[in-house]
2 protein chains.
Amino acid sequence: MTEKADFLLTNAIVLTMDEELNQYDPGAVAISGDSILAAGPKDEINQSFQSEEVIDCEGKVVMPGLINAHTHVPMTLLRGLADDLRLDVWLMGYMMPVEREFVSPEFVRLGTQIACVEMIRNGVTSFADMYYYEEEVAKATAEVGLRAVCSQTVLKFPTPDAQSFEESLAAAEDFIKRWKDHSLIIPSVAPHSPYTCTDEILRATAELAAEHEIPLHTHIAETEVEVENSRNDNGMPVIPYVKKNNLFDAKVLAAHCVHIDIGEMHTLHHHGAGVAHCPSSNLKLASGAAPVSKMLELGLNVGIGTDGPASNNDLDMFEEVRLAALLAKGITGDPTTVPAATALSMATRLGAQAMHMDQITGTLEPGKRADLIVVDISPLHNTPRFHRDEVNVYSQLVYAAKSSDISSVMVNGRWLMRDQELTTIDHSDLIRQADEYAHRIDAFLVDREKSVLSKLVAIGGAMEGESFEVQVKVRIQDPDPVLEAINGPGLERLYDRHYHEYDVYFLFADPAQGILRYREDEYIDENGEISNVRYRLTMIGPTREAQFESDVLLSRSRYLAPATHSLRFYREYFVPSKEVIIEKDRLRWRVLFQGTEFYINLDRVEDPALGHFLEVKSRTWSRRDAEHKALVAKDLMEFLSAQSQETLTQDYVEIVTKS
Amino acid sequence: MTEKADFLLTNAIVLTMDEELNQYDPGAVAISGDSILAAGPKDEINQSFQSEEVIDCEGKVVMPGLINAHTHVPMTLLRGLADDLRLDVWLMGYMMPVEREFVSPEFVRLGTQIACVEMIRNGVTSFADMYYYEEEVAKATAEVGLRAVCSQTVLKFPTPDAQSFEESLAAAEDFIKRWKDHSLIIPSVAPHSPYTCTDEILRATAELAAEHEIPLHTHIAETEVEVENSRNDNGMPVIPYVKKNNLFDAKVLAAHCVHIDIGEMHTLHHHGAGVAHCPSSNLKLASGAAPVSKMLELGLNVGIGTDGPASNNDLDMFEEVRLAALLAKGITGDPTTVPAATALSMATRLGAQAMHMDQITGTLEPGKRADLIVVDISPLHNTPRFHRDEVNVYSQLVYAAKSSDISSVMVNGRWLMRDQELTTIDHSDLIRQADEYAHRIDAFLVDREKSVLSKLVAIGGAMEGESFEVQVKVRIQDPDPVLEAINGPGLERLYDRHYHEYDVYFLFADPAQGILRYREDEYIDENGEISNVRYRLTMIGPTREAQFESDVLLSRSRYLAPATHSLRFYREYFVPSKEVIIEKDRLRWRVLFQGTEFYINLDRVEDPALGHFLEVKSRTWSRRDAEHKALVAKDLMEFLSAQSQETLTQDYVEIVTKS
């Protein structure tokens, strides 16, 4: 009595990748419809099943398809755009501005198609995605015939596909409802990360995922800074924080988990959460190396992900599995940890478990969907083949095989590639379309990077309101007469302040670019203590508007912004050709003099030690007003006993660079 | 006026990889004979040169061939044989025993041919090798047409190709003299590593290399243990030690350098030594990660090597370059370190400098040999192509390109591969020949691993002399009467000793395998202090020879060996199914009693707390002698007042495991 099968893959090295790592050599796999009927020794399967299509796989491995547990597939279109940068510069300086400008349903569809072609060739049969317009990812993936968890991103900021988080949440729910019974796509929701969401978003997405029993996909503890900030802002590390916000009510897939401790691992384990380990991305962005040996020891479901192709820069799971095995050894100092068979399990069975889809895929077991790959391990670069130990074949696959050794790929019982020929997608025009996008993105960035100002605008930092000032500055030897005059009669003091200021000026090779100043302003209170620190970025325009005889200056234009990123960020983003640091102590008054409002700055420039300076300034709005104020300013200077030969028209940075 | 060229590669993205990273897009390269005439902008080159063979390289990169700065190419034949093991278990438990058995000129030739095919396909044009029968490596490499530094290994131990270091040194000198003017091969000498050589070998090899002005190739500071041992044995780290032994009289190529400090980097730099960074191998064997960012900063010539294919497990320089870039970021926490262009420089220009062959290769500059590759960066997995920044193309090559993207390879002006077809070697039979070796090696290891004893013999540890003993052991309550009898008249004490012994017994699932004992013997002197520690391995045979009525035992056979490796080594090598630890205090006498020599052991078993035991033993050589001694032993027991109901025939380990 033989049962009928649609396909019989026979004479293969069959690796079931089940929990016992059963393997059959020679083995066979019988497939009917979308599912596996049986996997076992060749003779046994051949006796039990018959099929019109019997495929001889001599010298080849038949195993479950690889599972890419974390990626952002449309980002194929941004691959190689900006590398060797810090996470924040890469993300906020390049990825986000470009995404704001270019991400559309069409962009997402094209990027997904490219990624699907690439992943099929690399032996991937399932992946977990997170992006914008996620329904387009789902459509393109289903058309090609791959399996995926497609997670619609929700963020507290406006995104390319939504003006508010409520909008993207509603879109996610709609998407989930319409796709939840699809044979290939598992729709999902992705609160992007704890630090880009709010408590409310975490709770709402968890509720949504729990209600529809779909996975929730997020980034967790990718960088040390994220954990530090969580401790500071929430009083606890990342995992306890998201737990507090009910995240584990849902079936969680947590990408990265680079910086979590044993207690947090136990929490993840207790709640059945899966982890997506992304070694290439974590190394490339210098985020660190996740403690996967420990996680696996505790029984966590740890899969392997490529992360998006803009931070990897490929979707090659063979490279990723190999690196997962190597890196674990390197960071623990134990070459026996994460042996080849374990690394391959992470990319198959454990990945499916991490994605909460192990009921349907991840191993070659009867009843599971037929998601499998045929790998030729006979090429010269994988020679010779040892048989002494059952682990030899895992070694071959993990340490020596390449994605180019994949010959055939089947998902859900359907061939997506046979003998290296793709069968479900016409990819002839994809490269041309991608290059068109690249051309437009290149032009956008070239234009943006032509000027420091447009780079500043691109990161959403600058308030473009210009300000014009009448200004006169003199060098003084002795500040005491000035202080006496200010404290005496003749002017009305509106308020006074005391600051200690650290300024870093970025200078550029082309002076027409202007100067960018990063200022750390320490506010000193009456007790002489620092009571507040403010970080500001000022773009100092290159040209002066006018200069009067009296050495009073109608100042250059300025663009002001709170400096929300670090000095380091701005340095790496703007790449100045020179930096000048100036530290000074500043006493500042707002006063009324002859009916006109002025700011008086009494500065002691400490580093470099330039001595004392007195500055008198007033905002202005017209040339006539400026001329009037210039005269009053001159009087004010006299009143402050600060007539000097050294009237200056220069900024401190100019005094320093010219000296 | 145009000059004649043999080949004109035109319309390419030409990356010269010279010090200024000049690139030309569209560019062209003109080649005549074995050398590059010019590389530059397409129009300029096309106007200056003419050739009958003009090759259009549109969409492809033309760049210097990759340089594999450290490998052991014949080890392709051992690829995947034993992975996920510690360095010592891997090396001394597997590689060296197999090499002792199988390495021959034929083995070396075949392994080299396989490696050459693989390396050409991976875009390697030059490599630095270190193995046995190195002349066979040189011959096979020259036949295929690759360029190599071929280093004959010299060790203080016998090797597969020499009984003594004098022999291999003489062979090296002979090899060097005959090959030193070869157009492709640079013969070299390789003192394997400081810890496997002697001062004399280091000095002699350095002198040889200096005399013939050829490079000296060695392994330096690969593991932390090596450095620790050097500090203990030589009173200094590895680099000062080899410097003291004149190593830097030669042009040194130092592989690994994982554990060197800034001072040692300065020494390497001062002496113009090159470093071969092997990231995959160092991670896989958990040796660590070399501080390449710091080395590069100091101006060291750091190349990249795959290391041997038995510890990698491939010869894929694209994987290695990518990993070098990623790992440096991961370990420094700085994602901007070792950017793509630097990583690719390491695999080209800097590699050639590290191998002391930068006069002839490593960049596309006029006058250098024509060693170049053509890489197709247009496949979908490397889409799209950005042009905004000159570094974009290095990103594509390092982070997204694969070795399968190499279309053509030229060395010394000769094509070795064109459009992915090899042109200089027939590789049709290599896989079959390699599998034949694998089959024999499998059989050898299967046979060896059938018995614990043969595994012990394989690592060269055991002295196979068996010993037979007459033995009687009793449990006693009170040691005092025994001590009185020993110190009283009636026997002659020849010597006495005091030991504290820690025994670890390895038990195996199959009892017929016997028991392996690892003993740490602390010798306690008259003052009660530990004056010496001895480590011994004893293989306790599974069967007893005979047992007499008087409970005197003709003991089982034993194989003794000094335990030169660590307990951890033996544990991982023998993989026992169970371990038993026994700690005891032992007083031991050699005595003459009734004219017969006996050993008396008075033991206090402390862990587990089994109490006191008295053992009487004598060596024997015949059944008759044994019978006689058994009677005397019984008398001796009575003399020692130790008649007891609990006469034992068991070893302590048996008492413990049965209780």
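Reply: The size of an interface is often expressed as the accessible area that is lost when the parts come together. In this predicted model, chain A and chain B bury about 5,500 Å² between them, with carbon and sulfur atoms giving 57% of that area. On the side of chain A, the residues that lose the most area to chain B are A:Leu380, A:Phe386 and A:Arg388, which together make up 15% of what that side buries.

Me: How many residues does each chain bring to this contact?

Reply: Chain A contributes 68 residues and chain B contributes 68 residues.

Me: And how many salt bridges and polar contacts are found between chain A and chain B?

Reply: The rule finds 10 salt bridges across the interface of chain A and chain B, and 36 residue pairs are in polar contact there, counting pairs with both residues at pLDDT 80 or more. A salt bridge between A:Asp314 and B:Arg322 has its closest N and O atoms 3.9 Å apart, and it is counted because the cut-off for such a pair is 4 Å.

Me: Which domains make up chain A?

Reply: Chain A is divided into domain 1 (1-65 + 362-418), domain 2 (66-354 + 421-437) and domain 3 (452-658). The centres of domain 2 of chain A and domain 3 of chain A, taken over C-alpha atoms, are separated by 47 Å.

Me: What area do domain 2 of chain A and domain 3 of chain A bury between them?

Reply: The two domains bury about 710 Å², 56% of it on carbon and sulfur atoms. Within domain 2 of chain A, the residues A:Arg86, A:Val89 and A:Met92 lose the most area to domain 3 of chain A, together accounting for 52% of what that side buries. In terms of contacts, 8 residues of domain 2 of chain A meet 8 residues of domain 3 of chain A.

Me: Where is there a salt bridge that involves A:Arg86?

Reply: The side chain of A:Arg86 meets that of A:Glu572 in a salt bridge, at 2.6 Å from N to O. Across the interface of domain 2 of chain A and domain 3 of chain A, the rule finds 1 salt bridge. The residues on the side of domain 2 of chain A that touches domain 3 of chain A divide into 4 nonpolar, 1 polar and 3 charged.

Me: How should I read a pair of aromatic rings?

Reply: Such a pair is described by the distance of the ring centres and the angle of the planes. A search of the whole structure finds 30 aromatic pairs over all chains. The rings of B:Phe569 and B:Tyr570 have centres 5.3 Å apart and planes at 90 degrees, so this pair is edge-to-face. B:Phe569 also forms a stacked pair with B:Tyr573, at 5.7 Å centre to centre and with 20 degrees between the planes.

Me: Are B:Phe569 and B:Tyr570 buried or exposed?

Reply: Both B:Phe569 and B:Tyr570 are buried.

Key: Residues numbered from 1 in each chain as written. Chains lettered and ligands numbered in written order. Predicted model: local features only at pLDDT ≥ 70, side-chain atom pairs only at ≥ 80, totals over all residues. Heavy atoms only, no water. Domains from an automatic or database assignment. Contact = heavy atoms within 4.5 Å. Buried area = accessible area lost by both parts, 1.4 Å probe. Nonpolar A, V, L, I, M, F, W, Y, C, P; charged D, E, K, R; others polar. Phe/Tyr/Trp six-rings, centres within 6.5 Å; stacked < 30°, edge-to-face > 60°. Buried < 20%, exposed > 50% of the residue type's maximum accessible area, 1.4 Å probe, protein only. Polar contact = N/O pair within 3.5 Å; in protein donor to acceptor, adjacent residues only side chain to side chain.
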